[in-house]
Amino acid sequence: MSVDPSSRATGETPARPSGSQPRELVVRPPRGVAASAVEVRRSARRSRTVSAYREGDRTVVLIPARMSEAEEQRWVGVMLDKLAAQESKRMLGDSDLTERAERLSAQYFDGRASPSSVRWVTNQNTRWGSCTPAEGSIRLSHRLQGMPEYVVDYVLLHELAHLLVPGHGARFWQLLEAYPRTERARGYLEGVIAADRLPQPSATDGE
């Protein structure tokens, strides 16, 4: 995948650019998930575009040689998010959401949040998700499809927390503190809202 849609968007493994200077990073994911190896390859022949693709159990990010360390870190994060969003869009159905919710509940809430159903819906345009504690049902907006996995996980955890605490008091937010990407996911969603100029949704408020 590239920031230029015309190149490296097919998932094919390109030949290693001559003159590149590979460097390996280790990206620390949420607790309970294995660390992800990232190889950064700098190329003097690459002047503008940044590309990324999966190569076995690692991710390769191709950047211009002139980039600073700060720019490199920023673009690695951007490209990892883009790849994750692409993969999330391909693979998550209702059954996947249910399994994911069960895994997240076990990992962060000791399995105490047990939904009766978890599914995508297309009628939620002003909120990312909703929960009906009395029924144990969770619904996620179809607009989340294609967003990075950590964002979908955050919304799922938000709604799972409503099965334990209906409102948004201190106890509710203490539950979400267990998820290390809460602030990053909230920032991502706020950015989507700003970009689309949508009305501020009730940020996954439970019903």
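Reader: How many of the seven residues of strand 4 are buried?

Author: Six of the seven residues of strand 4, which spans residues 58-64, are buried, and the strand is therefore described as mostly covered. Buried here means under 20% relative accessible area, exposed means over 50%, and partly exposed is in between, with a 1.4 Å probe and protein chains only. Helices (H or I, at least four residues) and strands (E, at least two) are DSSP runs, numbered from the N terminus. This is a predicted model, in which local features need pLDDT of at least 70 and side-chain atom pairs count only at pLDDT 80 or more, while totals for chains, interfaces and linings use all residues. Residues are numbered from 1 along each chain as its sequence is written, and side-chain values use heavy atoms, with hydrogens and water left out.

Reader: Stepping back, how many helices and strands are in the protein?

Author: The protein has five helices and seven strands, and from the N terminus on they run β-β-β-β-α-α-β-β-β-α-α-α. Of its 207 residues, buried ones make up 45%.

Reader: In what order do the three strands of the open sheet come?

Author: The order is 5-7-6, and the pairing is mixed. Strand 5 (117-121) and strand 6 (129-132) are the edge strands, each pairing on one side only. On average, neighbouring strands of this sheet are turned by 20° against each other, direction ignored. For such angles, axes are lines fitted to C-alpha atoms, for helices over the stretch in contact, and the angles run from 0 to 180 degrees between N-to-C directions.

Reader: What about strand 6 and strand 7, in which sense do they pair?

Author: Strand 6 pairs with strand 7, residues 137-141, in the antiparallel sense over four bridges. Among the bridge partners, Thr132 goes with Ser137 and Cys131 goes with Ile138. The two strands form a hairpin with four residues between them, and Gly136 in the turn has a positive phi of about 75°.

Reader: Which residues point which way from strand 6?

Author: Gly129 and Cys131 point one way, Ser130 and Thr132 point the other way, and all are buried. In a regular strand the side chains alternate between the two faces of the sheet.

Reader: And Pro133, where is its place?

Author: Pro133 is in the loop between strand 6 and strand 7, and because its relative accessibility is 33%, Pro133 counts as partly exposed. Pro133 and Ser116 are 17 residues apart in sequence, and their C-alpha atoms are 9.7 Å apart in space.

Reader: Changing topic, at what angle do the axes of helix 2 and helix 3 cross?

Author: The axes cross at roughly 70° and come within 10 Å. Helix 2 and helix 3 are therefore roughly perpendicular to each other, given that angles under 35 degrees count as roughly parallel, over 145 as roughly antiparallel, 65 to 115 as roughly perpendicular and the rest as oblique. The residues making the contact include Leu97, Leu104 and Phe109 of helix 2 and Val152, Leu157 and Leu164 of helix 3, where contact means heavy atoms within 4.5 Å. As for the sheet, helix 3, residues 149-164, lies across strand 5, strand 6 and strand 7, running at about 150° to strand 7.

Reader: Which residues touch the most other members of the largest nonpolar core?

Author: Phe109, Leu140 and Leu144 do so, in a core of 33 residues. A nonpolar core is a set of buried Ala, Val, Leu, Ile, Met, Phe, Trp, Tyr and Cys residues joined through side-chain atoms within 4.5 Å. Helix 3 gives the most to this core, with 10 residues. Not counting residues up to four places away in sequence, Phe109 touches Leu104, Leu157, Leu160, Ala161, Leu164, Leu175 and Leu176. Another core, of 12 residues, lies apart from it and has Val38, Ala52, Val76 and Met79 among its members.

Reader: Last one: is Asp110 buried or exposed?

Author: Asp110 counts as exposed because its relative accessibility is 67%, and its place is in the loop between helix 2 and strand 5. Asp110 has a positive phi of about 55° although it is not a glycine. Most residues other than glycine have a negative phi, and most peptide bonds are trans.

Methods: Two strands pair if DSSP finds at least two bridges between them.
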